[in-house]
Amino acid sequence: MAVEQGFDGEGFGLEGVILEQGYLQTGQKTCHDAEGHEIPCAGSGQDGDLRRGMGWPVPRFERRDETVLDRLTGLIWPQNANRAEFPMSWQEALAYVAAMNQERVLGYADWRLPNRREMRSLISHQAKKPALPEGHPFCNVFPAWYWTSTTAAINSAYAWYVHTEGGRMFYGHKGQFYLLWPVSGTGFGVLPATGQTQCYDSGGSPVTCRDSGQDGELCMGREWPKPRFEVAGDTVIDHLTHLCWRRNADLAARQVTWDDAFAAIRRLNEELKERGWRLPNINELESLVDCSESQPALPSGHGFTCLREAYWSSTTSMFEPDWAWALYLNKGAVGVGQKKEAHFHVWAVCDAPGYRGSFP
């Protein structure tokens, strides 16, 4: 695996950045049953037990006057999470960030509206109100939706936004009014690109990307390998994240409860006399999404079969611990479902052969 030195342009280096990981840990450290009660994590198979993904540095954030460096991603954020002071439309948000660059606000001229993976990278799934990492140095974080620069492929008159109260990610009409939190820097390359390469106006019509400030112009993040997916028997290997997924994306062949999802994984491991299959955490599920596609929101040529509308993750919602996170695959959205209800399907994942998937 490649280990490289990352810099943010001001001499700060993050030793040992694993650039091949492809997704971050969610931050979840505790485990909860279907009633929402905290339980011992050992052997549960939950996100708080396995903690897959790139681990967070301690401390995670470094304050620099009125900006904050995220030592996990290498991205630079204003300490003030509401510099604009009022909600605005998507196009107004893009224009506001462009004006920040003309004025070199806080000494930077490369501010942008974050893409959806950059915005989600701030979320801690161990926290709520706001859903940000413990001890973060930010101020004026409102429990509200924050725009991203990524258009929703399912309807290009909409763009993705993230709610800082609990961490949900959905899409809103570009003419509606939400908050913005700009970002600067190229980062360390730990966040993959979203897959979006086209740009759209507020009505959803395609436009030239040049000087738009949209995700489709900037394409920030690590480039995807080609080919990204490799079908290997009953599995599909994702060379971007080094995760191995069951090719059949409906393990239980029906919608199940959260507890039944874990039971299906246990049966799979028993039948195959293996122990490596698990219920993916919400960041592992979200890593599959191609933001240029919808229904399903997967890259072309993915190789999967029996795709369904939505999937359980192993990550509990700390906003309401009797709920768990889920990926709505047709849309590419990240939401929640009540654990005791048979809402979602099961998609098993493991680490690709020869690859260690947890970096504490």
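Buried, in this talk, means under 20% relative accessible area. Keep that cut-off in mind. The model is a predicted one.

Let me start with helix α2. It covers residues 90-102, which makes 13 residues. From first C-alpha to last it reaches 19 Å, close to the 18 Å expected at 1.5 Å a residue. Which residues of α2 are buried? They are Trp90, Ala93, Leu94, Val97, Met100 and Asn101. Viewed down the axis of α2, these buried residues fall within an arc of 115°, so they line one face of the helix. What does the buried set of α2 pack against? Three strands: β9 at 145-151, β10 at 158-163 and β12 at 199-200. Just after α2 comes arginine 104, with a positive phi of about 50°.

Strand β12 brings us to the disulfides. The structure holds two. I'll take the one in β12 to begin with. Cysteine 199 is bonded to cysteine 209, with the sulfur atoms 2.1 Å apart. Cysteine 199 sits in strand β12, and cysteine 209 in the loop between β13 (206-207) and α4 (215-218). That puts the partners ten residues apart. The link of cysteine 199 and cysteine 209 is right-handed, with 110° about the S-S bond. Now burial. Cysteine 199 has 1% relative accessibility, so it counts as buried. Cysteine 209 has 18%, and it also counts as buried, because the cut-off is under 20%.

Next, the other bond. Cysteine 31 is joined to cysteine 41, S to S 2.1 Å. The torsion about their S-S bond is about 110°, so this disulfide is right-handed. Which parts does the pair tie together? Cysteine 31 lies in strand β3, residues 31-32, and cysteine 41 in the loop between β4 (38-39) and α1 (47-50). These parts are ten residues apart in sequence. Both cysteine 31 and cysteine 41 are buried. Counting bonded cysteines along the chain, the pattern is 1-2, 3-4.

What about cysteine 306? Its sulfur is 17 Å from the closest cysteine sulfur, that of cysteine 244, so the gap is too far for a bond. Cysteine 306 is partly exposed, at 34% relative accessibility. Cysteine 139 is partly exposed as well, with a relative accessible area of 31%.

Now the neighbors of β16. Strand β15, residues 235-238, runs antiparallel to β16, and four bridges join them. Aspartate 238 stands opposite leucine 243. The hairpin of β15 and β16 has four residues between the strands. There, histidine 242 takes a positive phi near 60°. β16 also pairs with strand β20, residues 349-351. That pairing is antiparallel, over three bridges. Here leucine 243 stands opposite aspartate 351.

Methods
Residues numbered from 1 in each chain as written. Predicted model: local features only at pLDDT ≥ 70, side-chain atom pairs only at ≥ 80, totals over all residues. Heavy atoms only, no water. Pairing = 2+ DSSP bridges. Helix = DSSP H or I, 4+ residues; strand = E, 2+ residues; numbered from the N terminus. Expected span 1.5 Å × (residues − 1). Buried < 20%, exposed > 50% of the residue type's maximum accessible area, 1.4 Å probe, protein only. Arc of directions from axis to C-beta. Contact = heavy atoms within 4.5 Å. Disulfide = S-S within 2.5 Å.
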